[in-house]
Amino acid sequence: MAKYLAKRIFYLILTLFIVITVTFFLMKLLPGTPLTNQAKLSKSQIALIYQQYGLDKPVWQQYLLYLAGAVKGNFGTSFQFSDQPVSYLLSSRIGPSLQIGLQAMILGVIVGIVIGALGAMRQNSWVDTTTTVVSILGISIPSFVLAVLLQYYLGLKLGWFPIAEWGGFIYTVLPTLALGATPLAESARFVRTEMVDVLSSDYIELAKAKGLSRMGVIYHHALRNSLIPLITIVGPLAVNIMTGSMVVENIFSIPGIGEQFVKSVLTNDYPTIMGLTIIYSFMLCVVLLITDILYGIVDPRIRITGKAN
Amino acid sequence: MDNKKDILEVRNLQVNFKTYAGDVKAIRNVNLDLRKGETLAIVGESGSGKSVTTRTIMGLNASNADIVSGSILYKGQDLLKKSEKEMQAIRGQDIAEIFQDPMTSLDPTMKIGRQIAEPLMVHKGMKKEKALAQALEMMKLVGITDAENRINDYPHQFSGGMRQRIVIAIALINYPEVLIADEPTTALDVTIQAQILNLMKELQNKISTSIIFITHDLGVVAGMADRVAVMYAGKIVEYGTVDEIFYNPKHPYTWGLLSSMPTLDSSGDSLPSIPGTPPDLLDPPTGDAFAARNAYALKIDTEKEPPFFKVSDTHYAATWLLHPDAPKVTPPAQIVERQKKYAKMQQDWLDAQRPTTPVEEEEEQQ
């Protein structure tokens, strides 16, 4: 296990390195400059600012400097926010993003499992049809459309939830719903398909032949076997939430990293873009690592440290 | 039939499956008796209704199954009148089942000890530790070596033969009165088949259970069964003791089945087969369902369903050929051979009744 972990962490670092490299050069291809009012500045002023931020050096030098800093944990300072260190800027903003993301993930997956399982248990009934409709809607409606609809109906019309503010838990409800819809739909669809498959398998027949009750069969045999494959889609779902959060955080004015990312790209805030890219890649790698480890824990057939036969 | 010793009686069972195309008449008036301690083999080709019969006994039919009529008496109680809850108490306790494919009939994510112990926990309300201890004993009984260490293994860590032993252990852990074995050796290698069959016979003696053995493999029947029922198109067409069915078959379908079984004496380059395919049970033919494939079919076969004709006290066959007015036909050569053998066996048996030396029954046992 330790050896496996070490190997995975090595790959994680390698992945981050590649991501940093590719993003750094792509970012330099972005149109525009970090200067907001370039027209009003003289050439020498611009040169001075560039020199101050090291932007006058050749790109490859900037890249090496950035790498050298990153290794030491120095991710530069933001251009946009009066010289705040990127690490400070992002660490103060990651909380809301993590909260919304995790809430959306947990809500989506749990509700998805429940309605997916119900759909499979009552195949071709109205429950099943509802499951299918919910899945199709959840998958086909983009989170930003849903976000606006939620704001309009639940926020503006009914006034149940604040529309676009950030404060306590009540402020997280709408963004969580908007972000959680896709994971919910995906996992419901996935669990339903898996469970229909599992319920028609021989070992379920055997479980019934043992005299287990319907719920006993579901709980002891069907659920675990249908949920294992769900782990494989947790990674893609996490990506979905991360990308969705960039737009959704903007719509709901959440002071998170998603909102910041969009701002940074628009203003060519190079160090912040880099920092955010690293955070997103890191989070994704960790999610994938966790799902792989989890897979081994819940499925004895692919246990990493499994005893030899 | 002797009702006193019957543990399971299936009476006039009719089962339809509702489909979009109409009702598929899967079981058409089946009668069966299972006696205490015996092994009854149900033989027939795919789709003849063998498995549907046993599923109906277990109460595990698909949701579109419709039991039109009949009763299934287990120790005098009609299983078809029982609620799902009452059936749950019977399944795995009084009546257990072994399935065809051991590779897929075990839960891949549950330790096998727990899987074997589960019926004890469900039916006897046993605590896990106690149930596992008993499961361990059962594992030893079905011949799993190093059972102490293997009790915490998962199904994928076992071979096919070992898995079928585990499935047998699950079925027998509560010492059921009736064991239904639905083609338990079909998915196994021939060498493993013999081991599993021997194990089943051995355990049947130890825990005195009655077995319904479903198979399409007549070779297996010869070694396992006491009595045989031959099924065709949702009906039983002939039943009798193993010897009667193997050496003195009366129904042309049984002739066909036996002729298409390769034996050491088979000569020629092609194995005989029964021409045609089983009838469409969505709309079963009138008369004898086998008539269309039957080289010996009479005119009446297409008009009227044959009743059971008595061959002996234990042997009945549903074919018009046994009617006193029917023309005498000569069965296929292979069957004539068998009948001759049977006549000789009976003669030997009669000879043996004279108080001389005990006779060896090698031929009977094969």
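Me: Where does Ser253(A) lie?
Reply: Ser253(A) sits in the loop between H11 and helix H12 (257-266) of chain A. Helices (H or I, at least four residues) and strands (E, at least two) are DSSP runs, numbered from the N terminus. Keep in mind that this is a predicted model, where local features need pLDDT of at least 70 and side-chain atom pairs count only at pLDDT 80 or more, while totals for chains, interfaces and linings use all residues. Residues are numbered from 1 along each chain as its sequence is written, and chains are lettered from A and ligands numbered from 1 in the order in which they are written.

Me: What is the phi of Ser253(A)?
Reply: Ser253(A) has a positive phi of about 50°, although this residue is not a glycine. Most residues other than glycine have a negative phi.

Me: And how many other C-beta atoms are within 10 Å of Ser253(A)?
Reply: There are 14, so Ser253(A) is partly exposed. The cut-offs are: buried with 20 or more other C-beta atoms within 10 Å, exposed with 12 or fewer, partly exposed in between, with C-beta atoms placed from the backbone.

Me: What about H2(A), how many of its residues are buried?
Reply: Zero of the 11 residues in helix H2 (residues 43-53) of chain A are buried, leaving this helix hardly covered. Just after H2(A) comes Gly54(A), with a positive phi of about 75°.

Me: You mentioned H11. At what angle do the axes of H8 and H11 of chain A cross?
Reply: Helix H8 (residues 173-199) and helix H11 (residues 230-251) of chain A cross at roughly 155°, and their axes come within 10 Å. H8(A) and H11(A) are therefore roughly antiparallel to each other. Residues from H8(A) in the contact include Pro175(A), Phe190(A) and Val191(A), and those from H11(A) include Leu230(A), Gly244(A) and Val248(A). Contact here means C-beta atoms, placed from the backbone, within 7 Å.

Me: How many residues of that contact are nonpolar?
Reply: The contact of H8(A) with H11(A) has 11 nonpolar residues, along with five polar and one charged.

Me: New topic: how many residues of chain B are in contact with chain A?
Reply: 25 residues of chain B touch 19 residues of chain A. On the chain B side, helix H2 (84-90), strand E6 (95-98) and helix H3 (112-123) each supply at least two residues. H3(B) gives the most, with four residues. By class, that side of chain B has 11 nonpolar, nine polar and five charged residues.

Me: Last one: what does UniProt list for chain B?
Reply: The UniProt record, an unreviewed entry, lists "domain: ABC transporter" for residues 10-258 of chain B. In the model, that span is 39% helix and 28% strand, and its end C-alpha atoms lie 26 Å apart.

Note on methods
UniProt positions renumbered as here; feature names shortened; annotations may be inferred. Axes fitted to C-alpha atoms, helices over the stretch in contact; angles between N-to-C directions. Parallel < 35°, antiparallel > 145°, perpendicular 65-115°, else oblique. Contact = placed C-beta atoms within 7 Å. Nonpolar A, V, L, I, M, F, W, Y, C, P; charged D, E, K, R; others polar.
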